[in-house]
Amino acid sequence: MSIVIAIIILLAVIIIHELGHFAAAKACDIEVEEFSIGMGPKLISRQKGETLYAWRLIPIGGMCIMRGEENGEISERSFAGAKVWKRIIVVAAGPVFNFLLSFIAALIVVFCAGADPCTVVSVNEGSPAEQAGLQSGDLIVSYQGSSISNARDLYMDTVLNGIQDDTIDLVVERDGEKLSLSFGLDETDGSGGFSYNMAREKQDFFTSVRYAFGEIKYNLKSAINSIKGLFNGTYGVDDLSGPVGIVSTVGSVYEESVSYGAFSVVMSMLNMVILLSVSVGVVNLLPLPALDGGRLIFLIIECIRRKPCSQKIEGTVHFIGFALLMALAVYIAFNDVLKLF
């Protein structure tokens, strides 16, 4: 059951991404030749109007194939023949739909389970934090110049990444006013000298909307930090997970939440949707060949030059990028399988 739910969640994230491209193409009057879920041979297909809708064998990935997208055919209603601003919208729509899915899931989670506002619950007596004026009940909205969306946001900055400086700069909200505080570490334990709420608290609808955006921001920050970690050596290629690893992780989260009841299962799975959908959106926006971000780079260059880039050069770059991504995907999948045993 856990594997089935994990695959459904992964498919939902992929379908939404491809649906973004599909909806934008239709809105921009670009012909969509095929909209497929999965990869490999077709299992079920149906032609409806100009578009072939198909379900393919391997439940990973998806395709939204537009006329003139691959061969550069410039004709009426082809992708290559569309105005550049329309092509930018179509390419960007996939990640945008992922972020929309994440927001909807986040809003449900926050409204049903509550948010974790970063509220100070205690301040060490005699600590630099107390002397600086920090009080219980203060809502922390900024730490070291970086905005704080929720308690997990501050936890990631302080506990997971460690306190990097000897001086802590906070901006707190108190009685509707924002106050800037600066103080040193508490010498008794080397911490900031205060503790904050980590539990979820119920919110009204409008506050839930604000904290739902905070959930997206927190997951964006996590995804970007992970990508940075790959480049600065914090993480290696072996730390990456592909579809196999993702299904395994989602399945494990499902199994752990089952004992707490159906509500916990639903909230946990929605949190996985938020994480995965944001991650897919961020990764696809990376300026790498074969990804949406790489295609956007060529379209932006076209806007600057006011003429299309060479189809041969762009096609070659994307082909090489796709080949490298497939090789990386195979390596990651192999590693994911080894981790299962």
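**Note on the predicted model**

1. E34 lies in strand 1 (residues 32-48), where helices (H or I, at least four residues) and strands (E, at least two) are DSSP runs numbered from the N terminus. This is a predicted model, in which local features need pLDDT of at least 70 and side-chain atom pairs count only at pLDDT 80 or more, while totals for chains, interfaces and linings use all residues. Residues are numbered from 1 along each chain as its sequence is written, and side-chain values use heavy atoms, with hydrogens and water left out.

2. E34 counts as buried because its relative accessibility is 10%; buried means under 20% relative accessible area, exposed over 50%, and partly exposed in between (1.4 Å probe, protein chains only). Leaving aside neighbours within four places in sequence, E34 is in contact (heavy atoms within 4.5 Å) with residues including T51, L52, R56 and M63.

3. S127 lies in the loop between strand 3 (120-123) and helix 3 (128-132), and S127 counts as buried because its relative accessibility is 1%. Not counting residues up to four places away in sequence, S127 touches D186 and G193.

4. An open sheet of four strands has the order 5-4-6-7, with antiparallel pairing, where two strands pair if DSSP finds at least two bridges between them. The edge strands, each pairing on one side only, are strand 5 (146-147) and strand 7 (177-184). Strand 6 (residues 167-174) pairs with strand 7 in the antiparallel sense over eight bridges, and L170 stands opposite L181 in strand 7.
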